[in-house]
Amino acid sequence: MTAEVAARRAPNQLALPADDSTKGLFAGCMARGMMRSLRTTLAVLLLVTARSSAAEDVVVYTSVDEIFARPIARGFEAESGITVRLVPDTEETKSTGLVNRLIAERARPQADVFWSGDPVRAAVLARKGVSAPYRSPQADGLPAQFSDPNGHWTGFSARARVLIYNRTLVPEGQTPTSVMDLLAPRFLGKACLANPLFGTTSMHAAALFAVLGDDKARALFESFTTNGGRMLSSNGEVRRRVANGECAVGITDTDDANVARLEGKPIGVVFPDADGIGTLVIPNCAVLIAGAPHPAAARRFVDYLLRPETERALAQSAAAQMPLRAGVPVPAGVVPLAQLRPMQVDYGVLAQLLETLSRGYLKDWVDRANSGR
Amino acid sequence: MISSLALERPGRWRAGGIGLLLGLIAAPDVLLLWRALGDGAAGAVGWSFVQAIGRSACIAGIAGLVGLMCGLPLGVGTALYRFRGRALLLALVTLPLLVPSFLWGIGWSSLAAALGVPFLLSGLPACVLVFAAGLVVPLVLLTAYAATAALTGSQIDAARLAGGEREVVWQASRNASAPALLAAALGGVLTLVDPGPGQIFGEQTAASEILTSFAALYDFGLAGRQCAVLAGLVLVGAVPLALLATARFANDLLAKQTRRAVPVTHERLAVLMVGALAMLTTAATILPTLGLLLPMVAGGPELLTWTARDPFQMNHPELVLFGAAAEVGRTAANSFLYAGGAALVAMLLGIGAAVCVGRFPRLRAAWLAATLALFCVPPALPALGIVALATSSPAWADALLRSRLTVCVALGLRLVPVSSVIALRAWASTSPSWAMAAALHGVPLHRYAARVLVPVLRPAVGVGLLLVALLASADIATVLLVHPPGESSLPLAIVTVMANAPEMLVSALCLVYIAGAAAMLGGLWVLSGAAEA
C-alpha cells in the first residue's frame with residue numbers, strides 16, 4: 001500500500017503500517033512537515049518575544065487620563081525625537097493599577113517616569129523607595145507648597161474638587177456652595193460621591209479629616225448616608241448620573257465636569273467653600289523613577305512636563321487643568337488658581353493620614369454604605 | 001519506538017506530570033503568596049472580607065445555577081439540531097465572554113437610567129444578571145455544545161431508535177451534564193474574582209475587598225492572604241464537586257464509533273431553539289450593548305468643538321467612529337496575538353493535563369479540584385508574581401519575561417482550568433481499544449497520535465481554543481500589569497480611555513470592538529459549519 005492510498009483513507013480509519021518501500025517516503029514527508037512547523041514556530045516566537053527598541057525612547061507610566069496624556073506625549077515626541085512609550089492606567093475601581101506594577105518592578109524598573117494625577121500616589125511611591133529625587137530647572141515658578149520638599153515629586157497643572165449639579169433639577173438660588181450642602185434636606189436621596197477608598201475622592205476625604213478634624217469629618221460622612229447620599233464606583237459615574245438626572249448633585253473633579261460641559265450636558269459647576277475651608281486643589285505630579293533605564297530621556301520628559309507651555313496645553317485641553325504657575329494664560333471656562341481659595345493642606349501628611357483612614361473609618365463607612373443597599 | 005499503549009498504562013510519570021503542570025500554573029501565585037504569608041499579620045484578612053465572601057458565594061451560586069439551567073439545554077440543542085441562524089445566534093450568545101463584565105454592568109446601568117428604572121438594577125440581583133447572562137451561561141453553553149458535538153453518529157442513532165428525539169435530548173443532556181456542571185463551577189469561581197459588577201451595583205464582594213487591598217491600601221500581604229483564604233474555601237467546595245463530576249465525566253467510545261454526529265433538522269425544536277437563543281442574546285448582548293451605545297444615539301446638536309490639536313474631534317459621530325477605528329488599528333494586532341497566544345498555551349497545557357490524567361478518576365478529581373482552587377485567585381496576583389519574577393531575573397531574560405510572549409503565557413496559565421475541562425472530557429471519550437489495536441499492529445505512538453487522536457480531538461480543541469481566546473480578551477487586569485510598554489490591547493485601551501473620554505468615544509470604541517468580534521465569531525462558526533459539511 002502506498003502512502004498516497006493511505007492518505008486518501010477516511011480519517012477515522014486506522015492506517016496500516018507502511019511497508020519498507022514507503023517508509024523512506026513517509027519519513028521524508030514527516031521530516032519536511034516537522035521542519036516547516038519548526039520554522040513557523042520559530043518565526044512566531046521571534047515575533048512575540050521581540051521588544052521594540054527605538055533609537056531613544058522613554059517609558060512613561062501615567063495615572064492621568066489617557067485622553068489628556070497622549071497629546072502631551074506626542075508633543076514631546078515631535079519636539080525631542082524621543083519616542084514615548086505611554087502606559088496609561090485604568091480607574092482604580094477597575095483593576096489593580098500601575099502603582100502596584102511600579103512597586104513590584106522596583107528592583108529593576110521598566111518605567112522611567114511616573115506622571116501621577118495626584119500627589120498621594122506619588123507619595124506612596126516615595127515611601128516605597130520607587131522614586132528618585134530630581135529638581136528640574138523647569139520647576140522654577142511652580143509654588144513649593146504643591147511639591148515634595150525632598151524633591152521626589154513636583155506638582156504642576158492642577159485639578160480641583162468641585163460640586164456639580166443638574167441644572168434642570170436644581171433651580172437657581174438653590175445651587176450648592178459647600179460640601180456641607182450635600183447634607184441639605186433639599187438633596188435628600190439625590191446626592192452622590194465616588195468611593196472614598198479610591199482616587200481623588202480618597203484624597204478629598206483625607207483632606208476633610210485633616211481640615212475639619214476627626215469628629216466633624218465623621219459627622220459629615222454619617223450625615224451624608226443618613227440623607228440618602230449614594231456612593232458610586234467612580235468620578236466618571238458621578239458625572240454620568242448627575243448629567244442624566246439620576247442624581248441632582250455630586251462631587252467630582254474639574255476634568256470630569258469639563259468633559260460633561262463639552263458634551264453639552266445640563267450641569268453646573270461650583271468651586272465649593274470659597275468662604276470657608278476652601279477648595280481642594282489636586283496637582284499633577286512628575287516623578288522620576290529610581291534606577292530608570294533611560295535616565296537622560298526621563299529627565300528631559302520631566303522637564304517637558306514642568307514647562308509653562310505644558311501647563312498652557314493642559315489648560316486648553318478638555319482637562320481644563322489650572323496652571324499652578326502665575327501668568328500662564330487660561331481659556332474661558334478654566335478658573336485660574338489666583339481666583340480660588342485653595343484648601344490649606346500638606347500633601348505629604350495627607351498621604352499618611354489616608355493610609356490610616358483607608359484601613360479604619362473610611363473602610364468601615366464604605367462597608368456600611370454597601371451593605372445598606 | 002514508544003508503543004501506543006504507553007498513554008493507557010498507569011505509571012508514576014502521570015503523577016509527576018500533573019505535579020509539574022500544577023507547579024507551573026501555581027508558580028506565579030506562590031511567588032507572592034509566599035511573601036504574603038510570611039508577613040507580620042499572618043492570618044488577618046479583615047472581618048469585612050469574611051462577610052463579603054458570603055455575599056460573593058451567593059452570587060456565584062445563583063449565577064452558576066442559572067447558567068447550568070439555561071446553558072445546558074441550549075448547548076445540547078444547538079449541537080444536535082440545525083436551524084436557520086444557528087451560527088449567528090451562537091456567535092452572539094458567546095460574544096459577552098469577550099467583553100469585561102463591568103462594561104456590561106455600565107450598559108445595563110445606562111439602559112435602566114434611560115428607561116427611568118435605575119432602582120430595578122442594583123445590588124445582588126443586578127450582579128447575578130450580569131454574571132449569569134454575560135459569563136456563566138455562555139461558558140456552560142459552549143461546554144455543553146462541545147461535549148454533545150463529541151458524540152458519535154451511532155450513539156445518536158441508537159438513542160433515536162430507542163426513544164425518539166426525547167431520548168436523544170435526554171441522553172445527550174446526561175452526557176453533557178458533568179462538563180456543564182464543571183463549567184458552571186468555573187463560571188461561579190470567575191464571578192468570585194471579578195470586582196466589576198460589585199463596584200458598579202454597590203455590592204460588597206470578596207473581589208472588591210481584594211481590589212481595595214491592592215489598589216487603595218497597596219498592601220500585597222493583605223491581598224495575598226485574602227486570596228489564600230478564598231482559594232482554600234474554593235478548594236473545600238471543589239473537592240466534592242470534582243468527585244461528583246468525575247464519576248460521570250465521560251464514557252469511552254466503542255472502537256468502531258468514529259462516525260461523527262451530524263445536526264439534523266427538526267421543525268418544532270428549531271423554533272424552540274431559535275426563540276430561546278434569541279431571548280438569551282437579547283438579555284446577554286443586545287440590551288446592555290444598547291445601553292453602552294446610547295450616548296452615540298443620543299448625541300444631540302449641542303456637541304461643541306474641541307481644540308484643533310485634540311485628536312478626538314467630537315463634532316460628528318462619524319469622526320468619533322474614525323477616532324475609534326484608529327484606536328482599534330493601533331491595538332488590533334496585539335489583541336489577536338494575546339488572545340490567540342493565550343489560547344494556544346492554555347490548550348497545550350490542558351492537553352498535557354489530559355494525557356497525564358488519562359482515565360484515572362482520582363487523578364482527574366485531584367486535577368479538577370486543584371485547578372478550580374487556583375482559578376479563584378484574582379488575575380492580579382499571578383500577574384504581579386510574574387512581574388516580580390521578571391524583576392528579579394537578569395536582563396537577558398526580558399525577551400521571555402517582559403515581552404508579548406509573557407502576556408500570552410500569563411493569560412494562558414490563568415485559563416488552563418477552562419481548557420483542561422474540555423481537554424479532559426475529549427480525551428476521556430476516546431476509545432482505549434484504538435490504542436490497543438494500534439499497539440497490536442506495531443504502530444508507534446507518534447503515528448497513532450497524528451492519525452487517530454488528533455482528528456478525534458480536533459473539534460473539542462477548536463472549541464477550547466475559541467473559548468479561552470474569548471475569555472483572555474476580557475482579562476484586562478493581567479494585560480495591564482504584564483504588557484510591555486506601548487503594547488496594549490483593545491479591551492485595555494477601551495478601559496484606560498473611558499475614565500474621562502466623551503461618552504460618544506467610549507460608545508464608538510465599544511461598538512467597533514463588539515461589531516468586529518461578532519463578525520469574527522460569526523465567520524468562525526460559518527467556516528466550521530462549512531468544514532463539517
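Helix α12 of chain B, which runs over residues 361–375 in this predicted model, has 15 residues and reaches 21 Å from its first C-alpha to its last, a span close to the 21 Å expected at 1.5 Å a residue. Most of α12(B) is covered, since 12 of its 15 residues are buried. Among these buried residues are B:Trp367, B:Leu368 and B:Thr371, and the list also includes B:Leu372 and B:Phe375.

Is B:Val189 buried or exposed? Because 25 C-beta neighbours lie inside 10 Å, B:Val189 counts as buried; the cut-off for that word is 20 or more. B:Val189 and B:Ala57 are 132 residues apart in sequence, yet 8.9 Å separates them in space, C-alpha to C-alpha.

A pair of helices can be followed next. Helix α2 of chain B, residues 47–80, packs with helix α5 of chain B, residues 123–149, at an angle of about 35°, and their axes are 6 Å apart. The crossing in which α2(B) passes α5(B) is right-handed. Sorted by class, the residues of this contact are 26 nonpolar, 7 polar and 1 charged.

Seen as a whole, chain B has 21 helices and 2 strands, and buried residues make up 58% of its 533 residues. If one takes the contacts in chain B between residues at least 6 apart in sequence, 88% of them join residues at least 24 apart.

Chain A calls for a word on confidence. The average pLDDT of chain A is 85, and 84% of its residues score at least 70. Over residues 1–22 of chain A, however, pLDDT stays under 50, and for this stretch the model has 25 contacts beyond four places in sequence. Where pLDDT is low, predicted coordinates should not be read in detail.

Definitions and conventions: Residues numbered from 1 in each chain as written. Chains lettered and ligands numbered in written order. Predicted model: local features only at pLDDT ≥ 70, side-chain atom pairs only at ≥ 80, totals over all residues. Axes fitted to C-alpha atoms, helices over the stretch in contact; angles between N-to-C directions. Helix = DSSP H or I, 4+ residues; strand = E, 2+ residues; numbered from the N terminus. Left-handed = near helix turned anticlockwise from the far one by under 90°. Nonpolar A, V, L, I, M, F, W, Y, C, P; charged D, E, K, R; others polar. Expected span 1.5 Å × (residues − 1). pLDDT = per-residue confidence, 0-100. Contact = placed C-beta atoms within 7 Å.
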